[in-house]
Amino acid sequence: MRKIYLAFHYPKVYSIIVAVIFFCLQTAAQSSAKAVVKGKATDSLTVTPLSFSGVKIFKSADKKLENEIVSNEAGNFSAELPYGRYFLQIDFMGYSPYKTSEFTLSKDHPTHDFGLMKLVRSTNTLQEVVVQAEKSSMQLSLDKKIFNVGKDLANAGGSASDILTNIPSVSVDPEGNVKLRGSGGVRILIDGKPSGLVSFKGGSGLQQLQASMIDRVEIITNPSARYEAEGMAGIINIVLKKDKRQGFNGSFELTTGYPTNFGGAANLNYRHKKLNFFINYGISHRRQPNQSSLYQEVYSKDTTFILRQTNHGMLTGFSNNIRGGIDYYFSEKSTLTGSYLFRRSDANRKTDIRYEDYLNGASKLTGVSTRTQNEDEVEPNSEYSLIYKKSFEQKGHEFSAEVKFLDNWESSRQLFTQNYFLPNGSENLSKAVVQKSPNDEFEKQWLFQMDYSKPISKEGKFELGLRSSFRDMENDYVVTEKNASGEFVPLPGLDNDFFYHENINAAYGIIGNKSKKISYQAGLRAEWTDVKTTLAETHQVNPRSYMNLFPSIHFTVDLAKQNAIQLSYSRRVRRPVYDDLSPYMTFSDSRNFFSGNPDLNPEFSNVFEIGHIKYFDKGTFSSAIYYRDTKGKIDRIRRVNAEGNSTTRPENLLSEKSFGTEFTSGYSPYKWWKLDFNFNFFHSEINGSNILNSYKATTYSWFARQTSRFMLPKNLDVQVRGNYEAPQKTAQGTRKALYYMDLSMSKDVLKGNGTLTFNVLDVFNSRRNRYTSTGPNFFTEGNSQGRRRQMNLTLNYRIKQSKQVKKSTEE
């Protein structure tokens, strides 16, 4: 183990980086050419970049193909050619081929820049349907990965949480916690900004957002200084749907499923000259059964207390999402956008828990108790946004500013009843308990942001930005118990008001340039953080203020034959969020309590990554090696007292050092078969000896995901996905293997304007969270299933929107 660690110690990391850069410089020098042709492929109406367009360059004399390349994610392309006379053609599915006039490259004219090359969409006037490119489900680049979720059949009828479950590099456990490359601390954004959807509940809050409202998901594993430093493992950006084409277009969706899943959605756009109106609406009603079991031993001298616990629950939810807005085009280069987003979720949660207590073995039952939770919850969220964007005449010279306000609250009313039984089955009425817990949470946040970028020299760019966030949260919490006279009185220590006040101000600067085949970018972000938590009833105040610098460096080297390599470094932070700090314990389970920790400190990470990408005719392949050194790692620690009651709350461990490698590819061996594959292997050393000397773990783990999509005759598509996450050691025990499979199929109907999709998520009902946890006086083994096998049938109908076109390869 020691040898593996030393291989990634800092001096050798730097040596490897220097060696790779030197090799790439030598390769670049050897492959230099005499002349260059370049340009940028864009949509003729919206000037949107056409990522990964095919560019063919022909000799004028004999029309023979001289070179064939693919534009990058921003639509830019560049090719080195011998002196001569040429013409080129750009192809992008759904657009008419763009053929240039003849151009000459010579010693006197070594560079020919076409600038913006505007491709015109193909149209079918009889059907009045715009035929556009069938987006690949996955678009890979060095700095981020883009997943167009509409192409994934398993997403139909699901939620945003379901979408993340299906994305490479991302794993979502049955409780809704999101990890990136096996690590928590992921920053989740909606349209590039924070959202109230994940304020209270983290990643599990995404279950309220319907998949039909989402256009794509962007994964950024090593962000630059342009992005906020929050998110130790990286950033997941969920981009909602919005169209900008002239005229009216839209889509409608209806869903039914089992267990109960009824839903509907509408995405509408209308643009007339300088005004563009957009509205998205989604409504859903779901019933989600869940179950779990727990076995626990507690040791006290020569006695072992054993608990066997089973939970059966049902979550019934009804949610509405509406998002509307207006774009006003002062010109095609100057836009003002105002938007409003409202969500409301009404839920009822019923859970039945059975506790069986034994002494020294399963043959000696000492008692049985049952506890029932009945909770009604209302959660409205509102978001207001005003954005101004300005593009200047010089390409890449841009300015944007945004003001955003979030107003969220959550109201919960819980009723708990607990009954006790003797080993012979008779009830002990004297111990019966009835409790109530009203809980109200409020959040208000203002966000101000400005970004400016300006090209410098021929290939360089300079960027500046400012960001301020002001957030206030409150939790009014109390647990009451019914006394002998029938009155409900507060329980000691469970009646308080918790206030969370957070101000974060940030400024960043980035400078980048390109020299031949080498691009570099260096940035620095400064963040000033002011956080204060207050427990009003007990007068506990915990203020914290700190300033931190977050540098980032990215080097990219373009190699021959459509290869590129990138080396990057960034410093990241994971600040404790609201749930991490709130001291209130969950009370639904009278034996197992979960809470936050008001004394929790942020964790900081230094992240290094070397990435490679290769574009080829039938697909794309990317690989990466990454290393992460984390100080003050936040992890949840479980403790069990002599009575067998457990408390779990986040703590700061000393450190975690992890490294890994990841491979992601998209490949089409035949025109009717498309493969996506993701494999991640990582090694981690966790040191929690500051809490208990035995809380140390060295683990190897891996996870893999493979998707096969078959495009069959008569517009029938079938998709199969397999997922496997290997066992993994934790500071206190192990997380056992997780595996499941999804099956989906779709068929175009209604003359190509509609698509009918059927999917079965978790075909074998095997997606379970299984774990063990140990401490000085206890052993615990758990098995939970937050979502059972789900079957959905979805009909999507489009009005003047894209008709999926199936060809031998996808863009």
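A word of caution to begin with: what you see is a predicted model.

Let's start with a sheet. It is open, it has three strands, and their order is E4-E1-E8. The pairing is mixed. Who stands at the edges? Strand E4, residues 76-81, and strand E8, residues 111-119. Each has a single partner strand, so one side of each is left without a neighbour in the sheet. On average, neighbouring strands here are turned by 20 degrees against each other, direction ignored.

Now look at one pair inside that sheet. Strand E1 covers residues 35-43 and runs parallel to E8. How many bridges join E1 to E8? Seven.

Strand E26 is residues 460-482, and strand E27 is residues 488-515. They run antiparallel, with 21 bridges joining them. Asparagine 475 stands opposite phenylalanine 498 in E27. The hairpin of E26 and E27 has five residues between the strands. Glycine 486 in that hairpin takes a positive phi, near 90 degrees.

E27 also pairs with strand E28, residues 518-535. Again the sense is antiparallel, this time over 18 bridges. Serine 515 stands opposite isoleucine 518 in E28. This hairpin has two residues between its strands. Lysine 516 sits in the turn, and its phi is positive, about 55 degrees.

Asparagine 360 has a positive phi, near 65 degrees. Its place is the loop between strand E22, residues 334-359, and strand E23, residues 365-391.

Asparagine 715 also has a positive phi, near 55 degrees. Look for asparagine 715 in the loop between strand E38, residues 696-712, and strand E39, residues 716-725. How exposed is asparagine 715? Partly, with a relative accessible area of 39%.

Last stop: a peptide bond. Where is the cis one? Between tyrosine 258 and proline 259, with omega at about -5 degrees. Proline 259 belongs to the loop between strand E18, residues 247-258, and strand E19, residues 261-272.

Technical notes. Residues numbered from 1 in each chain as written. Predicted model: local features only at pLDDT ≥ 70, side-chain atom pairs only at ≥ 80, totals over all residues. Heavy atoms only, no water. Pairing = 2+ DSSP bridges. Helix = DSSP H or I, 4+ residues; strand = E, 2+ residues; numbered from the N terminus. Axes fitted to C-alpha atoms, helices over the stretch in contact; angles between N-to-C directions. Buried < 20%, exposed > 50% of the residue type's maximum accessible area, 1.4 Å probe, protein only.
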